[in-house]
Amino acid sequence: MESSTVEKLSDLSIGSDDWAASAPNLRKNLQILSPEQIELAKMLLCEGQSHLFSHWPEPGVDDRSKLSFFEQVSRLNASYPGGLVSYIKNARSLLADSKAGKNPFDGFTPSVPSGEVLTFGDDNFMMLEEEGIREAQNAAFVLVAGGLGERLGYKGIKLALPSEITTGTCFLQHYVESILALQEASCKLSPGKCDAQIPLVIMTSDDTHAPTLQLLESHSYFGMKTDQVKLLKQEKVACLADNDARLALDPNDKYKIQTKPHGHGDVHALLHSSGVLNQWKNSGVKWVLFFQDTNGLLFKAIPASLGVSSIKGYHVNSLSVPRKAKEAIGGITKLTHADGRTMVINVEYNQLDPLLRATGHADGDVNCETGYSPFPGNINQLILELGQYIEELNKTKGAIAEFVNPKYKDSTKTSFKSSTRLECMMQDYPKTLPSSARVGFTVMDAWLAYAPVKNNPEDAAKVPKGNPYHSATSGEMAIYRANSLILRKAGVQIADPVVDVFNGQEVEVWPRIMWKPKWALIFSDVRKKVLTGCSVSQRSTMVISGQNVFLDGLSLDGTIVINAISGAEVKLTGSVQNKGWILKHIDYKDSSFPEEMRIRGFIIDKVEQLVMNYTEPGKFCIGS
Ligand SMILES: O=c1ccn([C@@H]2O[C@H](COP(=O)(O)OP(=O)(O)O[C@H]3O[C@H](CO)[C@H](O)[C@H](O)[C@H]3O)[C@@H](O)[C@H]2O)c(=O)[nH]1
């Protein structure tokens with residue numbers, strides 16, 4: 001050992017180790033720690049964390065575990081803006097506010113903001129869609145997928161779950177194919193050569209990282225270039241044992257700090273620290289679109305909402321849908337402070353009711369005469385303008401306003417039922433923006449834009465009548481409904497749905513109509529490909545996978561599946577009739593079926609179908 005190192009160590013461990021007086025068991029072990037670890041130990045003691053070492057035995061016993069404890073501390077320190085010192089200080093302050101019952105919206109009065117309300121299929125909507133397609137080549141997508149989906153109770157990652165079982169396409173595949181279709185459509189509109197590759201970042205966590213990577217790798221990235229996709233893993237944060245923000249030890253490992261997820265708000269700090277935003281800026285990206293793991297309808301709403309951002313010049317545009325009172329989505333709210341400040345921001349679903357009650361709305365979160373809450377529902381699809389986003393993150397480093405939600409043992413609020421932690425949400429990003437920032441929102445019908453898969457069958461069945469179930473059943477049925485309604489609007493005679501009950505949830509069953517994003521991204525695509533005199537019966541299934549497939553005088557009563565390369569132009573006409581595909585009820589408790597089927601309450605019995613595959617270029621016609 002070099003003499004200078006010897007001196008330094010002896011200095012710390014023998015001579016001047018008074019700083020460790022509050023943790024005698026740590027003091028005895030200083031000799032096994034590196035200088036960096038000793039610095040971390042000093043920091044922990046300074047922050048009142050001596051209890052972490054009270055059980056430490058003599059040097060020589062469990063030394064490996066002691067070192068791995070510090071490795072974890074080092075990781076926790078590095079992954080939080082400002083390190084653990086900031087985390088603990090923020091925690092103390094938020095815990096004190098929580099104990100005092102301080103309302104985070106103190107001094108603010110809520111009111112209903114005004115935003116862009118769009119109507120599917122009208123001239124304005126179609127103009128915005130065209131604009132969105134033009135801008136798509138300047139977009140980058142960010143998918144937050146670090147959550148485990150505890151409410152759904154599904155064992156795998158939600159991105160691997162089929163969004164519908166007619167084609168069995170999982171959410172991630174659908175998202176990637178939609179982005180690739182946007183890329184192609186946008187480039188086609190550019191004069192000259194356009195070789196834009198729309199980047200996709202996926203935020204994962206320890207819970208989801210490996211399976212997400214595996215899903216991508218085992219499917220060749222669903223057609224994306226491997227360097228087009230980047231995974232950023234969020235770290236968990238330390239749990240807090242009490243109001244003094246003493247860190248909690250893992251009940252199963254006393255050399256480990258217990259950790260829990262910090263929330264989707266981490267995405268901003270991760271994008272900032274990864275350097276990816278500047279790379280995007282240099283390659284001409286202008287818009288960053290954030291989205292969540294299970295919304296099979298989302299890409300039907302992307303083109304028009306991107307069009308709104310572009311035409312209005314919004315720095316922040318949140319996509320929203322009419323919200324049913326008490327629905328588990330935040331409300332977009334205008335908050336006006338007594339001092340004159342205003343902001344338009346998401347008020348999370350658990351905070352909206354208390355905020356309204358505290359500000360003179362005795363009934364809290366209730367529907368108005370329209371049958372919906374007057375506050376539009378935030379679906380957490382945000383479009384940020386990259387230049388202003390980078391400017392803001394350079395100031396904040398991506399730190400987002402946090403909150404804490406401890407479950408107290410009793411009304412004295414002195415101890416917790418279980419450890420808690422700080423959390424943050426990505427939609428709180430606008431909270432720190434200057435008043436000059438252009439923050440807006442776009443409202444679209446829920447049938448077109450929002451059908452997440454969040455609730456397990458039991459909880460979904462308990463949702464108040466008239467409110468959306470947000471289950472695998474409703475998420476799938478919503479896709480069929482949206483596609484049916486879009487074709488209806490384009491002039492196809494689509495039979496009315498029938499009402500059925502799956503896993504205790506009453507849903508409308510429309511014909512199972514599916515198309516790949518490359519067939520139609522926007523309504524004008526559908527109109528170009530759907531000619532006159534078409535009809536589809538309620539029991540029918542239609543799957544279109546091919547760019548140049550046209551419906552012209554088709555009368556479908558059964559199942560038709562078309563797979564065609566882009567060079568093949570296929571016309572579907574005349575009558576197609578067969579026994580088709582039948583939905584069969586299954587019970588979610590019946591473990592003879594795979595979990596991803598059980599959670600929706602049905603399987604498809606593929607009795608008879610017409611399947612046509614076109615692998616050569618040319619013009620083809622099906623139907624008699
Ligand atoms: O630490 C986390 C937690 C969640 N997520 C991801 O964030 C997304 C949203 O998570 P949840 O589905 O659990 O979110 P909530 O339902 O609690 O609520 C959020 O989504 C709603 C709409 O779906 C509303 O917009 C609401 O205001 C917003 O907070 C998911 O893709 C999830 O994977 C992470 O990446 N990391």
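I worked with a predicted model, where local features need pLDDT of at least 70, side-chain atom pairs count only at pLDDT 80 or more, and totals for chains, interfaces and linings use all residues. I numbered residues from 1 along each chain as its sequence is written, and side-chain values use heavy atoms, without hydrogens and water.

Domains. I looked up the assignment (bounds from an automatic or database domain assignment) and found domain 1 (17–79), domain 2 (97–454) and domain 3 (463–622). The centres of domain 2 and domain 3, over C-alpha atoms, are 29 Å apart. I noted contact (heavy atoms within 4.5 Å) between 43 residues of domain 2 and 41 residues of domain 3.

Cores. I took a nonpolar core as buried (under 20% relative accessible area, 1.4 Å probe, protein chains only) Ala, Val, Leu, Ile, Met, Phe, Trp, Tyr and Cys residues joined through side-chain atoms within 4.5 Å. The largest has 113 residues, and Leu159 is among those touching the most other members. Domain 2 and domain 3 each supply at least three residues to this core. Outside four places in sequence, the contacts of Leu159 include Leu143, Tyr175, Ile202 and Asp293.

Helix pair. I checked helix H7 (residues 171–189) and helix H11 (residues 298–312), helices being DSSP runs of H or I, at least four residues, numbered from the N terminus. Their axes (lines fitted to C-alpha atoms over the stretch in contact, angles 0 to 180 degrees between N-to-C directions) come within 10 Å and cross at roughly 30 degrees. H7 and H11 are therefore roughly parallel, the term for angles under 35 degrees. Tyr175 and Leu182 in H7 are among the residues that meet Phe299, Ile302 and Pro303 in H11.

Notes: Buried means under 20% relative accessible area, exposed over 50%, partly exposed in between (1.4 Å probe, protein chains only). Helices (H or I, at least four residues) and strands (E, at least two) are DSSP runs, numbered from the N terminus. Angles under 35 degrees count as roughly parallel, over 145 as roughly antiparallel, 65 to 115 as roughly perpendicular and the rest as oblique.
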